[in-house]
There are 2 protein chains.
Amino acid sequence: MNENYLQELQAIVGTEGFISSEESIDPFLQERRGLYRGHCSAVIRPGSTEEVSEVVKCCKKNNVPITPQSGNTGLCGGAVPQGGILINMGRMNRIRDFDPVNSTITAESGCVQFDLQAAARERELMMTLSCPAQKECQLGGNLSTNLGGLNVLRYGNTRDLVLGLEVVLPSGEIWHGLRGLRKDNAGYDLKHLFIGAEGTLGIITAATLKLFPFPKTRLTAIVAMAEVEDLMEVFIGTREHFADNLVGFEIIPRIAVEMVLQYDDNICEPFPSRHNWYGLIELNATNQGLDLKTPMTDFLRTFPHDSKIAANESESDALWAIRHAIPEAQKIRGASIKHDVSLPINKMSTFLTEAAKQVKARLPGILVCSFGHAGDGNVHFNLTQPEKMENQEFNNLHQEFNRIVHDLVHQMNGSIAAEHGVGQLKYEELRKYTDPVEYEMMRMIKRTFDPQNLFNPGKVIKLDG
Amino acid sequence: MNENYLQELQAIVGTEGFISSEESIDPFLQERRGLYRGHCSAVIRPGSTEEVSEVVKCCKKNNVPITPQSGNTGLCGGAVPQGGILINMGRMNRIRDFDPVNSTITAESGCVQFDLQAAARERELMMTLSCPAQKECQLGGNLSTNLGGLNVLRYGNTRDLVLGLEVVLPSGEIWHGLRGLRKDNAGYDLKHLFIGAEGTLGIITAATLKLFPFPKTRLTAIVAMAEVEDLMEVFIGTREHFADNLVGFEIIPRIAVEMVLQYDDNICEPFPSRHNWYGLIELNATNQGLDLKTPMTDFLRTFPHDSKIAANESESDALWAIRHAIPEAQKIRGASIKHDVSLPINKMSTFLTEAAKQVKARLPGILVCSFGHAGDGNVHFNLTQPEKMENQEFNNLHQEFNRIVHDLVHQMNGSIAAEHGVGQLKYEELRKYTDPVEYEMMRMIKRTFDPQNLFNPGKVIKLDG
């Protein structure tokens with residue numbers, strides 16, 4: 001490797017975009033969750049797509065690996081470099097176009113999710129990407145991991161919102177694919193290859209996203225059940241009766257409510273009695289004055305257990321606060337082994353029951369805190385260490401628990417990577433569970449687009465073995 | 001080419017699946033619209049995915065081109081063979097799985113669209129693919145052209161409905177990708193490569209599609225305007241006020257209404273006075289008893305022109321009959337040159353006005369019958385011959401009119417292939433209008449998946465030139 005490439009790179013992006021001192025590089029090398037820490041020769045922060053293209057050409061010539069990074073809020077080590085350079089997209093944060101008639105926004109990869117939400121809201125429109133990291137995560141990462149988040153039932157995953165992309169390819173060429181069309185069948189659909197590819201096939205520099213009318217009303221309800229099967233029945237009913245307005249259906253187990261109550265004094269018990277399972281229902285409506293409350297009251301009355309509807313915005317927020325506090329509460333409670341998995345809806349409750357049984361059999365005293373977007377078939381099946389076990393001893397079991405959980409997911413035709421990506425965390429797991437024909441297609445695509453294997457090597461797709 | 005391959009193929013599919021007499025092959029060689037007529041050595045009608053796989057392996061070994069075909073209702077010559085064999089999917093018409101809890105159907109490519117609609121409806125669910133050819137077109141073609149159709153605003157294009165695919169690859173291997181998950185980021189998303197690829201990358205043998213609750217109520221309205229700009233304003237307002245329920249917004253010009261009235265006695269003038277443009281609005285709702293009529297009445301009152309709301313199902317159908325009769329009425333009226341294009345919504349009215357001006361300048365007396373899914377940004381910009389011109393003389397101008405229309409679409413960042421596909425019709429056009437970087441990516445993918453160029457050669461993507 002010719003070390004002069006660093007000088008070449010500095011000449012391309014200028015001092016503003018070039019970081020090479022050990023101290024300044026450091027904050028870019030570590031993932032929040034602390035699972036991964038990487039290394040690289042320099043952090044490059046390009047100011048334009050043309051600069052990204054020049055940087056890529058220089059790396060290609062010098063055979064330097066590239067790790068793309070935007071908000072660095074990922075959970076699977078996808079944006080942690082293993083050598084070479086890191087391209088951080090944070091300086092490319094312009095909204096290039098806002099078109100209320102076409103109902104689209106065109107924004108660069110370094111735009112913070114919350115800023116895009118706010119820009120849309122100013123014009124009575126909704127940018128529907130939304131996740132707990134909204135004030136830090138950036139569009140590039142949302143696109144590259146095909147973020148799910150909180151609004152999937154109503155608006156879809158990130159993939160479903162993208163009408164066009166601009167991408168710097170491993171060749172250094174720029175694909176100018178920023179279209180804003182609802183129908184377009186002019187050849188193969190290439191954008192879906194880059195969405196969710198975690199930067200292994202190129203660097204997404206900008207995207208055109210669909211926007212939606214900002215909802216004029218919302219309704220939040222919570223329902224409690226003894227059995228998760230019954231809770232899933234509530235979901236089926238909600239989907240049947242409120243399909244036009246259903247934004248999300250989240251499940252929360254009792255253990256999660258207890259963890260949250262211990263850690264956060266502002267959070268209250270949802271009901272006077274305790275229940276094994278809670279379901280959080282979110283609806284919205286664009287029609288001003290649409291009465292969601294009467295039909296929801298009637299619907300909830302058909303179930304024998306506790307339920308209530310938030311009377312106003314602040315009660316809605318209080319119910320959602322329980323859900324949002326879970327990851328932090330779980331962190332305080334000790335070490336955890338997490339699984340972001342999805343299943344067909346009809347297998348969700350069987351999976352939850354069976355998986356809990358198997359992990360408890362392996363380690364009595366383990367806490368199973370499985371919560372999340374059950375309406376999307378997506379659950380965060382998270383395991384917390386037993387009270388008297390050492391963190392390290394528990395963490396050492398992570399592969400064994402991965403095996404139990406992922407084997408079961410695989411048997412039930414689910415996915416071991418629902419919405420957090422593959423990155424480094426599931427690099428080997430993906431190889432193990434993917435049908436060989438499918439895995440070989442992925443390899444063929446990777447080799448075709450990135451023959452030097454310079455784009456985010458060691459993430460998502462293994463070329464050998 | 002080893003002609004013994006026909007015997008090999010017959011041995012694979014049996015006599016039931018093997019058609020080789022000239023007379024019996026004939027019906028498979030021609031497209032309804034009459035633009036294309038092809039030729040092939042045999043029509044193979046496999047009975048299973050395994051048979052498709054064996055047929056492909058045999059063709060690969062003998063270097064025999066393959067044209068996949070399902071309902072053969074396409075409009076761009078995509079399913080018309082240019083030699084080799086034709087694989088017709090019509091015998092593979094089983095519904096493999098129907099899962100009301102997961103709200104999915106898994107069906108083979110030879111299933112007729114209408115049969116899938118009916119199967120879903122029996123269970124109070126909606127299979128949302130719908131187009132005028134619904135009683136003949138088959139799922140394989142719907143997937144391979146990424147059918148748009150009548151429900152796009154509410155439910156999306158075909159692509160948006162697909163959760164999983166089963167595909168026989170050009171290698172003859174079977175990709176078992178029939179998943180039914182709402183969230184799945186386990187590696188690259190491969191299904192979107194095959195959807196809309198018109199069989200050039202493999203043969204889709206089955207798919208898992210999302211279903212939706214069958215709507216409990218619908219509302220159809222028609223509104224008339226002097227200017228198309230004003231009609232698009234009605235669309236913008238409809239989208240803002242009825243986003244939760246908006247299924248479709250179609251535009252119809254006066255000339256289309258006149259053609260339809262001449263040809264079909266059952267169709268009535270929508271209003272006592274004549275208007276230049278009509279907009280057809282379709283809403284539906286899942287909530288039983290939701291009142292769509294009152295807010296729509298209030299909304300339509302804000303516009304000064306004629307408008308009305310269908311009082312019942314049969315009035316709804318009568319309004320839609322105008323729209324559905326257009327293609328046939330236009331056919332009776334003489335030769336036509338058609339353009340299936342899409343534009344950003346904010347450019348729709350400018351495009352319609354400017355394109356009409358340019359084609360009329362080229363040929364005074366030409367009839368511009370531009371109608372369709374304006375709410376999706378998709379219009380069928382169809383030109384009918386002037387009264388006293390010979391058909392052939394008019395048809396000879398098709399390339400010149402394509403140039404005028406497609407140049408304008410291209411300038412306005414639209415697509416020259418919105419929902420009917422590329423096939424043979426736009427094979428050269430796609431090459432001309434696609435950015436070279438993008439076109440080269442498509443070629444790379446084609447070469448990677450189908451290195452012998454046996455899958456539907458001469459369609460969609462040109463490997464040379």
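Helices (H or I, at least four residues) and strands (E, at least two) are DSSP runs, numbered from the N terminus. The model is predicted: local features need pLDDT of at least 70, side-chain atom pairs count only at pLDDT 80 or more, and totals for chains, interfaces and linings use all residues. Residues are numbered from 1 along each chain as its sequence is written, chains are lettered from A and ligands numbered from 1 in the order in which they are written, and side-chain values use heavy atoms, without hydrogens and water.

**View 1. A:Asn142 in helix H5 of chain A.** This residue counts as buried, at 3% relative accessibility. Buried means under 20% relative accessible area, exposed over 50%, partly exposed in between (1.4 Å probe, protein chains only). Setting aside neighbours within four places in sequence, A:Asn142 is in contact (heavy atoms within 4.5 Å) with A:Gln113, A:Leu129, A:Cys137, A:Leu147 and A:Thr158.

**View 2. A:Asn146 in the loop between helix H5 (139-144) and helix H6 (152-155) of chain A.** Its phi is positive, near 50°, and the residue is not glycine. Most residues other than glycine have a negative phi. A:Asn146 is buried, with 4% relative accessibility.

**View 3. A:Asn63 in the loop between helix H3 (49-62) and strand S3 (66-69) of chain A.** Here too is a residue other than glycine with a positive phi, about 60°. A:Asn63 is partly exposed: its relative accessible area is 44%.

**View 4. Confidence in chain A.** pLDDT is the predictor's confidence in each residue, from 0 to 100. Chain A averages 96, and 100% of the residues score at least 70. For the complex, the predictor gives an ipTM of 0.97 and a pTM of 0.97.
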